[in-house]
Amino acid sequence: MMNKKVLTPVSDFIDSYVKKAPLRLHMPGHKGTTAETSADITEVFGADSLFEAEGIIRESERIASDIFGAHTFYSTEGSSLAIRAMLYLSCLHAAECGKTPRILAGRNVHKTFLTAAALLDVKVDYIFSESYLSCEVSAESAERYLSKGEYTALYVTSPDYLGACADISALRKVCDRFGVLLLVDNAHGAYLRFLENSRHPIDCGAHMCCDSAHKTLSVLTGGAYLHIEKEAPGILADNAKRALSLFASTSPSYLILRSLDRVNVRLGESFKTELSEFCPEVARLKKVLSDVGYTLYGDEELKLTLCPKSYGYRGDELAELLRNMNIEVEFSDPDFTVMMLTPDTGKKGIAELEDALLSIERRAALTECAPKMHTHVSAITPREAIMSPYETVEVEKAEGRILADMCVGCPPAVPLLVCGEIIEKADVEAFLYYGINTVKAVK
């Protein structure tokens with residue numbers, strides 16, 4: 001992807017600092033006295049500062065920007081930090097345009113989006129679908145919703161948790177017609193930039209997106225990016241560091257920064273070739289599984305999502321069978337078993353997974369259906385709900401109450417209901433179906 005040798009300024013500085021072995025009269029408290037902690041430093045002289053970057057971090061982010069073809073900024077607090085920053089930046093842009101921030105979003109948003117919108121007091125309207133984990137936001141549906149009100153941004157999750165991808169290029173054309181920003185939660189798709197034909201949101205027209213580098217690239221957990229299109233309104237990139245710093249810790253992990261810095265070499269030199277060799281292996285596996293009767297979901301290249309009820313198993317049951325064969329999946333629920341693959345899985349890993357799945361005897365299909373999602377009624381705003389006193393109640397006794405907390409863990413961190421909405425009978429049934437037995441309700 002790059003014609004010249006990719007440098008690693010952050011990693012080089014840390015290596016030099018460790019080699020000098022100074023008496024560390026600074027944080028962290030472990031003082032770097034073991035091999036495990038030696039590279040865990042703080043903002044010592046020369047180490048730069050993530051949100052006021054003028055030295056090695058600024059140089060490393062410039063290298064990443066060249067690789068991704070965008071204004072790229074590091075996060076050591078995952079895509080969650082980048083999502084909060086995107087929402088804040090969209091508010092700034094709205095203010096510059098003399099508008100009140102109002103976002104249209106696919107309902108399958110990560111809970112970080114919801115809490116950020118609540119804290120920023122941003123009005124959000126939702127596009128619904130029948131599934132809570134996947135929500136098709138097409139150009140047609142976006143246009144239909146955008147034509148009904150004055151919005152400042154469209155927010156989509158693509159790829160979603162199950163591996164379905166939106167047509168970002170088509171959505172950008174719609175957004176341009178209505179003069180709104182296109183924001184994409186691309187947490188699961190950092191690698192899309194390096195496919196033979198890039199499917200990365202920035203290349204497809206998103207104004208801003210987040211990538212969780214740790215999800216699909218060889219980066220430590222917590223490493224992520226905020227990308228801003230080079231042609232996007234200048235206020236976005238100009239205020240990106242400010243936006244990130246508003247929500248971030250003042251003690252970013254240098255271990256994660258070094259990991260982001262080091263991966264630039266792989267991304268700039270070999271990763272595209274690695275992907276071009278590995279993706280056919282995944283495609284072959286998907287065909288083999290489909291041929292023997294497994295039902296697959298989504299069109300993302302490196303995600304394998306099975307709908308195993310057609311094979312005779314619940315998703316969590318299949319996950320348990322694989323666990324007993326020493327294979328741990330990303331996520332499972334009654335309907336899906338989700339597996340995330342990367343070139344580091346390797347052909348050996350693909351073969352092991354294939355043997356395991358083919359060894360499972362096919363049974364009669366299960367006919368139990370997942371509850372269908374529906375539009376909801378808000379009694380109070382999400383911000384009011386989050387700030388209200390609450391009590392924990394049994395789900396069976398929650399009908400008619402107002403939800404105070406999303407009551408969802410990670411994975412998948414996609415809520416069935418949004419704070420401030422009234423819990424209806426169908427919601428009670430959905431909570432119980434997904435194993436949620438208590439909820440927090442506004443007092």
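Mentor: Happy to, and let's start with a helix. Helix α6, residues 168-178, lies across β4 and β5, and its direction makes an angle of about 150° with β5. Keep in mind that this is a predicted model.

Now look at the two strands under that helix. β4 (residues 153-157) and β5 (residues 181-185) pair in the parallel sense, over five bridges. Within this pairing, Val 156 stands opposite Val 184 in β5.

Next, step back to the whole sheet. It is open and built of seven strands, in the order β1-β7-β6-β5-β4-β2-β3, with mixed pairing. The edges are held by β1 (71-75) and β3 (123-127); each has a single partner strand, so one side of each is left without a neighbour in the sheet. From one strand to the next, the twist averages 20°.

Another helix to find is α3, residues 78-96. Helix α3 lies across β1, β2 (102-106), β4, β5, β6 (208-211) and β7 (224-228), and runs at about 170° to β6.

To finish, here is a helix to compare on your screen: α12, residues 271-291. Its 21 residues reach 30 Å from the first C-alpha to the last, close to the 30 Å expected at 1.5 Å a residue. Among the buried residues of α12 are Phe 271, Leu 275, Phe 278, Val 282, Leu 285 and Leu 289. An α-helix has 3.6 residues a turn, so residues three or four places apart point the same way. The cover over the buried residues of α12 includes α8 (213-216), α11 (254-269) and α14 (346-359). Just after α12, Gly 293 takes a positive phi of about 120°.

Key: Residues are numbered from 1 along each chain as its sequence is written. This is a predicted model: local features need pLDDT of at least 70, side-chain atom pairs count only at pLDDT 80 or more; totals for chains, interfaces and linings use all residues. Side-chain values use heavy atoms; hydrogens and water are left out. Two strands pair if DSSP finds at least two bridges between them. Helices (H or I, at least four residues) and strands (E, at least two) are DSSP runs, numbered from the N terminus. Axes are lines fitted to C-alpha atoms, for helices over the stretch in contact, and angles run from 0 to 180 degrees between N-to-C directions. Contact means heavy atoms within 4.5 Å. The expected span of a helix is 1.5 Å times one less than its number of residues. Buried means under 20% relative accessible area, exposed over 50%, partly exposed in between (1.4 Å probe, protein chains only).
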